[in-house]
Amino acid sequence: MPSLPWHAIDTVLLDMDGTLLDLHYDNHFWMEHLPHRYAELHGVSRAMAEMELQPLFERNAGQLQWYCLDFWSTELAIPVRELKLETAHLIALRPDADTFLKAIKQAGKRVIMITNAHRDSLSLKLERIELAPYFERLISSHDYGFPKENPQFWEALQADIHFDPARSLFIDDTLPILRSARDFGVGHLLAVKEPDSKKGPKDTAEFAAGEDYRDLIVGL
């Protein structure tokens, strides 16, 4: 991981799930807990639950409704918000993410969270992990009506916070989102090598990846 050119970075844009927080909570909820509870609540087998859920997941992936708890509560006829509380003990910070946040804030960088998480999901996580004090703004893509994968998200973000893309660093664990940011002109991009602590490293394709947040603040 090469050192970041901090002299050329004014704004730090950070994803939440898989970037600051361990993605294990979300993966476990959607892939394990939700199918289990869906089967229980609808009186079907686990195998049948997965057969019903999988096409819905595939059809909506990458769209705003994929991240919307209201959408899934209605679509699946189950109380998704309440179910998310049942596994909330798994919400955890990624190693040294707080060290990184403290350092960039103390260095005077503009620090803004941009997440596709629904506001209810964001609130649930902020109740358990104290992240808000590090940020100037906590922005959900639901505020704009477009997910980060969509170019219109970046146009809305620019109109809202008036940042210089060329002098901004964006860290995210999702490759289509990083590509969308690159297309908009964000100058400094980093992927996340191991967003889910239980799944091991992943291929970050053409993007450099941060593995240790302590390495990223060298030269700050």
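Trainee: Is the crossing of α2 and α3 left-handed or right-handed?

Mentor: The crossing is right-handed. A crossing counts as right-handed if the near helix is turned clockwise from the far one by less than a right angle, and left-handed if anticlockwise. Keep in mind that this is a predicted model: local features need pLDDT of at least 70, side-chain atom pairs count only at pLDDT 80 or more, and totals for chains, interfaces and linings use all residues. Residues are numbered from 1 along each chain as its sequence is written, and side-chain values use heavy atoms, leaving out hydrogens and water.

Trainee: At what angle do α2 and α3 pack?

Mentor: Two packed helices are described by the angle between their axes and the distance between the axes. Helix α2 (residues 46–60) and helix α3 (residues 69–76) pack at about 145°, with axes 12 Å apart. Axes are lines fitted to C-alpha atoms, for helices over the stretch in contact, and angles run from 0 to 180 degrees between N-to-C directions. Helices (H or I, at least four residues) and strands (E, at least two) are DSSP runs, numbered from the N terminus.

Trainee: Which residues meet there?

Mentor: Leu53, Leu56, Phe57 and Asn60 in α2 meet Phe71, Trp72, Glu75 and Leu76 in α3. Contact means heavy atoms within 4.5 Å.

Trainee: How does α1 approach α3?

Mentor: The axes of helix α1 (residues 24–42) and α3 come within 12 Å and cross at roughly 35°. This crossing is right-handed. Trp30, Leu34, Tyr38 and His42 of α1 touch Leu69, Trp72 and Leu76 of α3.

Trainee: Which residues form the aromatic cluster?

Mentor: Rings of Phe, Tyr and Trp (its six-membered ring) pair if their centres lie within 6.5 Å; planes under 30 degrees apart count as stacked, over 60 as edge-to-face and the rest as tilted. Phe29, Trp30, Phe57, Trp66, Phe71 and Trp72 form one cluster. The structure holds 15 aromatic pairs.

Trainee: What sits over the ring of phenylalanine 29?

Mentor: The charged end of lysine 84, 4.6 Å from the ring centre. The criterion is NZ of Lys or CZ of Arg within 6 Å of the ring centre and within 35 degrees of the ring normal.

Trainee: Now the sheet. What is the strand order?

Mentor: Strands of a sheet pair through backbone hydrogen bonds, either parallel or antiparallel. Here an open sheet of 6 strands runs β3-β2-β1-β4-β5-β6, with parallel pairing. Two strands pair if DSSP finds at least two bridges between them. β3 (137–140) and β6 (209–210) stand at the edges with a single partner strand each, so one side of each has no neighbour in the sheet. Strand β2 (residues 110–115) pairs with β3 over 4 bridges. Isoleucine 112 stands opposite arginine 137 in β3.
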